[in-house]
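Please read this briefing with the sequence and the 3D view side by side. It moves from the whole chain to single elements.

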Amino acid sequence: MISIQQVSKRFGGRVLFKEASLRIGIEDRVALVGPNGAGKTTLIEMIAGRVAPDGGTIAINKKAVIGYLTQELEAHQGKTVLEEVLSGGADVSSIEHHMRLLEEEIATVPAEAAEELLAHYGELQSKYEHLGGYSLEARAREILFGLGFKEKHLSRPMEELSGGWRMRAALARLLLSGPDLLLLDEPTNHLDLESVIWLEGFLADYAGAILLISHDRNFMNRLASRVVELDRQQLIAYTGNYDQFVIAKAQAQEILEATAKNQQKKIDQTQAFIDRFRYQATKARQVQSRIKMLDKMDKVETAPEQKRVRFSFPEPPRSGESVIRLIDVDKSYDGNPIYRGLNVELRRGERIALVGPNGAGKSTLLKLLAGVLPFEKGERRLGHNVTLAYYAQHQLELLSPDNTVLDEITDAAPLEEQSFLRAILGRFLFSGDDAKKKVAVLSGGEKSRLALAKMLIRPANLLLMDEPTNHLDIPSRDVLEEALGGYSGTICFITHDRHFIRSVANKIIDVRNGEATPYVGDYDYYLYKKGMAVGAELKPAQTEGTSPLSGTNQQAAVSKSPPAKPRKTKEQKRVEAEARNRLYREKNPLKEKLSRIESEIAEAEKVFQNLTAALADPELYRDKKRFFETVDAHARAQRKVEELTAEWEQLSAEAEKSSTTF
């Protein structure tokens, strides 16, 4: 459906893509991954037609409808939530339109591929008939309710919604329109956990293709059948979900590093041969051959190590056993009761995840615990020696846009030494001039890192965090999980990232219907109680023995003037003549062998160089079978060069020795 061929794109002096290629089929589910700033959103915007490539082509089926969920909010005036979402369903009937595209695809693909498409066509036809009386409005309501809207929200004007709810409405509108290709840029960022799970199920049954950017591993594992990584300005495709991608990438990286190491070893050996025989006339041909080989050799390049956040929470003071309690708390908003007689207790060492449907009061509960929200009745009681740090859901909005990064962290700890504050910032990848950046120009991920850095200034034994993983990429989430794993205090947090919950939480509090029900156990235990149950290292082989390029020099024998000898008899002359004839007969095949082996070495070295160049080509990693075949061929070619060179050196030594015999 979409063919990206040799696309190049740069912003300013930075190259994002260099002759990158990718194909997206009519039913592909592709997760796009790569470090922040690599160009993931740019690629999606090029496919959506919002950004033009500098070179190459992006060919799209003219009949295909593409839907794009951006991270930018659009202005909406004069429409209710339901009206806005319904406006997205007027352009296309998803299933019917997809059936027409399938008909075209079936007519053009080979017979074996057509069988699978025909089976799916039958399923869609059956579903289309079954949904004959299913109105557009009913589908719109189903999607809106799945994304957390209530009936009372549907008649609200769009302009009254917060940014997060407007993003949900935009997603609902897009899902209702049912395009042939969904382009989703961080679709779960503004969703709660239950809405994320609903969206997974909806997309799992979606008729069209999906290209998504996400930092949610569970989400990608459930949906993706291919992962495409942006790496060194190329698009490298891996078959499988995100976990399978991580394994395959690690294996490929090991092989690439081993290949680079072996290539460098070969370079060093070749250079040693050149240095050793450079001034020997008998080796001139071999020396020149190796000099040319080094000049033409394409170096195998390994990926540069990505900078990673490095931090651990400071050791906090020890608190009492009971860290904080809410006792018989009543809380209302505009006369609407949220909690009546709420009782919650956090104890030392607990790592509590607050879960539950959107609007149930999770953030309200966290704010009550943090002491930043007043309540009408009850008591909030801090335990002995408790110090508290609160990371709000809108923490990024509390950063001052006019401050520099260093100003912002200095405001949080004005009495600390600048060297200490810079060291903290450096661990969050704000080193050197980055500390002088204005907050206004920081990306969402950079702002999240800065907000987390501010939490480290003062050691606290109670951490309250509302969506701390929003805007963080997967490596940064891993570091945060690891840091919390070594934290000795008490944690209470809200997140829609199930991997984060599973990695951190040892207790779940389910918040719904004005109640907070504790489950002492991990997330999977909670699901069970709720009835929601859910390589060998490959390296090129090497031959043992002495390297063909590291032997000792063969010293030519030095002739000395023979002493005077008596006149030779006829018999002596005959014996010497026979010896000379025998030597001639022996040396002739030796020269022929040397000549033949030299030709074989030249051919083997050419094959080896071509295979080395192939391993350096990112395109090779698109085809796992071809990759491993190339690795095996590379290892065989390397052994052949080494064996032939060893044989050549042995024959050369014999030839030199025999030439000094008489």
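**The chain at a glance**

The accessible surface of the chain comes to about 33,500 Å², and carbon and sulfur atoms hold 49% of it. Accessible areas come from the Shrake-Rupley method with a 1.4 Å probe; for residues, only the protein chains shown count as cover. This is a predicted model: local features need pLDDT of at least 70, side-chain atom pairs count only at pLDDT 80 or more, and totals for chains, interfaces and linings use all residues. Residues are numbered from 1 along each chain as its sequence is written, and side-chain values use heavy atoms, with hydrogens and water left out.

- The chain has 662 residues, and 46% of them are buried. Buried means under 20% relative accessible area, exposed over 50%, and partly exposed in between (1.4 Å probe, protein chains only).
- The secondary structure comes to 19 helices and 18 strands. Helices (H or I, at least four residues) and strands (E, at least two) are DSSP runs, numbered from the N terminus.

- Strand β8 spans residues 226–231, and six of its six residues are buried.
- R226, V228 and L230 point one way from β8, while V227, E229 and D231 point the other way.
- In a regular strand, side chains alternate between the two faces of the sheet.
- β8 runs parallel to strand β3 (residues 29–33), and four bridges join them. Two strands pair if DSSP finds at least two bridges between them.
- V33 has E229 of β8 as its bridge partner.
- β8 runs antiparallel to strand β9 (residues 234–239), with six bridges between them. Here L230 stands opposite L235 of β9.
- The hairpin of β8 and β9 has two residues between the strands, and R232 takes a positive phi near 50° there.

- Strand β16 covers residues 490–494, and five of its five residues are buried.
- T490, C492 and I494 point one way from β16; I491 and F493 point the other way.
- Strand β12 (residues 351–355) runs parallel to β16, joined by three bridges. A353 has F493 of β16 as its bridge partner.
- Strand β15 (residues 462–466) also pairs with β16 in the parallel sense, over five bridges. L464 has C492 of β16 as its bridge partner.
- Strands of a sheet pair through backbone hydrogen bonds, either parallel or antiparallel.

**An open sheet with a helix on it**

- Three strands form an open antiparallel sheet in the order β11-β10-β13.
- Which strands stand at the edges? They are β11 (336–347) and β13 (377–382); each has a single partner strand, so one side of each is left without a neighbour in the sheet.
- Neighbouring strands of this sheet are turned by 15° against each other on average, direction ignored. Axes are lines fitted to C-alpha atoms, for helices over the stretch in contact, and angles run from 0 to 180 degrees between N-to-C directions.
- Strand β10 (residues 322–333) pairs with β11 over eight antiparallel bridges. I324 has L346 of β11 as its bridge partner.
- Helix α11 (residues 362–370) packs on the sheet and touches β10, β11 and β13; its direction makes about 55° with that of β11. Contact means heavy atoms within 4.5 Å.

**Helices α12 and α13**

- The axes of helix α12 (residues 405–412) and helix α13 (residues 418–427) come within 10 Å and cross at roughly 115°.
- V405, L406, I409 and T410 of α12 make the contact with Q418, L421, R422, I424 and L425 of α13.
- V405, L406, E408, I409 and T410 of α12 are buried.
- The buried residues of α12 pack against α13 and also α14 (444–455).

**One buried leucine**

- L144 sits in helix α5 (residues 136–146).
- Is L144 buried or exposed? Its relative accessibility is 0%, so L144 counts as buried.
- Leaving aside neighbours within four places in sequence, L144 is in contact with V81, L82, V85, F149, L154 and A172.
- L144 and A169 are 25 residues apart along the chain, and 7.3 Å separates their C-alpha atoms.
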